[in-house]
Amino acid sequence: MSGLLLDPWFYAAAIPAVILVGLSKGGFGGAVGFVGVPLMALAMPPVQAAAILLPILCLMDIVSVWTWWGVYDRKMLIDMMPGAVIGIGLGWLTAALVTAEMVRLIVGAVAIIFVLRWVYLQMRHGANHSAEPNRAVAAFWGTVAGFTSFVAHVGGPPFQVYALPIRLDPKVLSGTAAIFFAATNALKLIPYFALGQFDTTNLTASAVLVPLAPLSTIAGAWLVRRMRPELFYPFTYATVAVVAVKLLWDGITGLL
């Protein structure tokens, strides 16, 4: 057994990280699943944390897609997925140049502007204001989501910058996000393997944490199915705001 699996701090950081990511994968908590890598990075290098978490994310994706089977927005997926593929490719090409701290800083800034814009629109147009789908905008944010997901597993905020203003039914939004990130994370397996991140230690650590994945994902879906839209959207925007502040803090302190 590797030293990592004998370290109690590994479990203290990884167990809550996987549970929070699972709740997010189930649709509860919006982008709050980003905390997985930063939490695990308290006990190991961030790159290793991302590599350990990726196979678990893929299992959660399977559970999430199964949970929300048949409930999704086809147009949003068609509009966003090509950009996501491009973003993953850009992340792979620039993996040696772009740090996770830089990505967190950029995503945090975008997310906080996004939340402030939502607050402004709510004050000006009311709580039921929604945006129209736009293929070009969807492709752009799909690319950003693919890139940030590859570098630091923080694809949630860019995805929600596009998806949340359209105000889909919460169940449809959760199902669409499940398929989007299932495809995105599956594609990421290829470059992560090519970069040598799936060694015996990391895969063993992933296997130890796997039992938490389906349970936490199903719990997140259970909570979403019982939330009304008028509660779901303010709650989700609030979690994006918290995520944005944390990303900005991590990015600034990391670069300094």
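Start by selecting M40 and showing its neighbours: leaving out residues up to four places away in sequence, M40 touches A13, A14, A17, A49, I52, L53 and L209 (contact means heavy atoms within 4.5 Å). You are looking at a predicted model, where local features need pLDDT of at least 70, side-chain atom pairs count only at pLDDT 80 or more, and totals for chains, interfaces and linings use all residues. Residues are numbered from 1 along each chain as its sequence is written, and side-chain values use heavy atoms, without hydrogens and water.

Next, widen the view to the largest nonpolar core, which has 34 residues. Such a core is a set of buried Ala, Val, Leu, Ile, Met, Phe, Trp, Tyr and Cys residues joined through side-chain atoms within 4.5 Å; buried means under 20% relative accessible area, with a 1.4 Å probe and protein chains only. Among those with the most contacts inside this core are F10, M40, M44 and L209. Colour α3 (46-67) too: with 9 residues, α3 gives the largest share of this core.

Now move to the second, separate core of 32 residues, which includes M80, L173, F181 and Y237.

F159 is buried at 2% relative accessible area, and F181 at 12%.

Last stop: select Y192 and F198, a stacked pair at 6.3 Å and 25 degrees.

Key:
Buried means under 20% relative accessible area, exposed over 50%, partly exposed in between (1.4 Å probe, protein chains only). Helices (H or I, at least four residues) and strands (E, at least two) are DSSP runs, numbered from the N terminus. Rings of Phe, Tyr and Trp (its six-membered ring) pair if their centres lie within 6.5 Å; planes under 30 degrees apart count as stacked, over 60 as edge-to-face and the rest as tilted.
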